[in-house]
Amino acid sequence: MDPSWGIVRYLKEKEERFGLHVEKEPIVTITQPPIGGELTKERVLEAVASVQEPAVGRSLVELRMIPAVEIDGNRLVLTVELLSPIAPYRDTIEQELKTAAGAIPGIETVDVTFLTRVRASGSGKADADPIAGVRNTIAVASGKGGVGKSTVAANLAVALSKAGAKVGLLDADVYGPSIPLMMGQGAKPLVRGGKIVPLEAHGVKVMSIGFLLDPDKALIWRGPLVAQLITQFLNDVLWEDLDYLVIDLPPGTGDVQLTLTQKIPLSGAVIVTTPQEVALADAVKGLKMFQEVKTPVIGIIENMSGFACPCCGTVTPIFGEGGGKRTAAAHGVPFLGDVPIDPRIREGGDTGSPIVAAFPDSATAKAFAHLAEAVAVQLARDAATKPRKPMIKLMQARPTG
Ligand SMILES: Nc1ncnc2c1ncn2[C@@H]1O[C@H](COP(=O)(O)OP(=O)(O)OP(=O)(O)O)[C@@H](O)[C@H]1O
Ligand SMILES: [Mg+2]
């Protein structure tokens with residue numbers, strides 16, 4: 001057995017559990033040297049050094065996104081590890097790599113293979129432990145009730161899962177859980193080894209207090225009990241290996257929000273608002289709460305922004321328009337996009353079929369896919385530019401003597 005196996009497994013476990021950034025040197029395989037000369041890993045990496053990850057604005061080599069290089073005579077195969085499952089710049093990266101590496105003397109063909117490795121991000125507070133195996137945690141919040149948090153959380157989770165990510169959805173609205181109905185799941189979860197096994201719906205691992213209690217029961221919790229419940233959802237659920245855990249919050253800035261921001265290093269919060277002033281004022285309160293507790297705000301989503309008449313296509317801005325974008329600009333946070341009013345969203349919400357799953361080709365589903373992309377890219381940028389400490393560097397063993 002490879003003697004380094006033990007340490008590699010140890011580091012891999014640490015990386016998964018704590019989101020440690022483990023640096024690895026690219027693995028180079030030389031099947032056959034190119035005709036007429038030597039070609040080293042350094043020469044290949046130097047040739048492609050100017051190719052950047054456009055969303056992050058830094059070189060692929062510097063970001064250690066090229067884990068493997070294969071040299072086979074006059075053919076070069078580069079493996080690129082994308083930072084997010086939805087990589088809008090994939091074709092640009094491929095083209096630029098082909099041009100840059102194609103200029104190496106002796107190389108005639110350049111092939112690029114893509115993999116995805118979502119990296120861990122998080123505010124990294126010293127007193128908050130990450131959830132085992134979960135790389136990114138996204139809180140979906142708003143100051144106001146009924147603006148579409150649960151709808152956005154459910155569709156965001158399904159859109160990320162459809163893009164190929166491993167996704168979980170935690171219903172942290174312990175007062176009025178909507179996720180069981182919206183995701184079409186109501187079974188009682190199993191307990192394995194003292195941990196609750198989340199249910200599966202539309203490719204997403206789901207957990208909600210609604211799975212454990214009578215749906216008609218009024219849920220009244222005192223503050224300390226809320227903290228205890230949320231802590232159990234984070235630690236006593238078998239989330240296992242997740243790229244993203246989307247967390248649907250109750251409205252406002254109360255016990256649930258406080259517990260979450262204290263217990264885990266949230267990657268960030270997405271603030272949902274509708275376009276009218278009365279909702280925007282509350283959205284700003286939500287946004288400020290996250291900023292006060294040093295949790296990054298990933299951005300603002302404007303929901304219910306306009307209704308397109310099914311007969312003539314005329315868009316009527318029922319709740320006004322542009323409020324989300326204006327608020328984002330005024331508070332210096334990204335505007336992630338908008339979602340129109342669409343009766344199929346409400347129908348899907350009531351019947352357990354999020355529109356992203358039920359009508360994947362609709363313009364509304366595409367709006368959610370666009371939001372998922374914006375969130376994933378933003379998190380990838382955070383993870384790549386703010387690697388969490390401590391950083392461990394893995395070197396290839398050099399022969400001694
Ligand atoms: N863009 C939309 N078009 C049509 N209906 C929508 C849209 N967004 C949300 N809805 C509907 O509005 C209602 C409220 O949405 P949702 O439950 O997601 O809001 P919420 O912010 O989570 O509410 P709460 O604060 O009570 O948790 C639901 O019936 C949902 O299906
Ligand atoms: Mg809700």
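Setting aside neighbours within four places in sequence, P198 touches G168, P189, K205, V206, M207, V237, L238 and W239. Welcome to this predicted model, whose protein chain holds twelve helices and 19 strands.

**The chain as a whole**

- The protein chain has 401 residues, and 44% of them are buried.
- Take the contacts between residues at least 6 apart in sequence: 76% of these join residues at least 24 apart.
- The average pLDDT of the protein chain is 87, and 87% of the residues score at least 70.
- Residues 389-393 have a pLDDT below 50, and this stretch makes eight contacts in the model beyond near neighbours in sequence.

**Around P198**

- You will find P198 in the loop that lies between β11 (195-196) and β12 (199-201).
- P198 counts as buried because 24 other C-beta atoms lie within 10 Å, where 20 or more are needed.
- K188 is ten residues from P198 in sequence, and their C-alpha atoms are 9.5 Å apart in space.

- Strand β15 spans residues 268-273, and six of its six residues are buried.
- In a regular strand, side chains alternate between the two faces of the sheet.
- Here G268, V270 and V272 point one way from β15, while A269, I271 and T273 point the other way, and all of them are buried.
- One partner of β15 is strand β8 (residues 134-141), and the two pair in the parallel sense over four bridges.
- Within this part of the model, V140 sits opposite V270 of β15.
- Another partner is strand β16 (residues 297-308), which runs parallel to β15 and is joined to it by five bridges.
- T273 has E302 in β16 as its bridge partner.

**The shell around ligand 1**

- Ligand 1 has 21 residues around it, of which G145, G148, S150, T151 and G349 come nearest.
- At least two residues of this shell come from each of α4 (149-162), β16, β18 (335-341) and α10 (343-351).
- By type, the shell around ligand 1 consists of seven nonpolar, ten polar and four charged residues.

Conventions
Residues numbered from 1 in each chain as written. Chains lettered and ligands numbered in written order. Predicted model: local features only at pLDDT ≥ 70, side-chain atom pairs only at ≥ 80, totals over all residues. Buried ≥ 20, exposed ≤ 12 C-beta atoms within 10 Å, placed from the backbone. Pairing = 2+ DSSP bridges. Near = placed C-beta within 6 Å. Nonpolar A, V, L, I, M, F, W, Y, C, P; charged D, E, K, R; others polar. Contact = placed C-beta atoms within 7 Å. pLDDT = per-residue confidence, 0-100.
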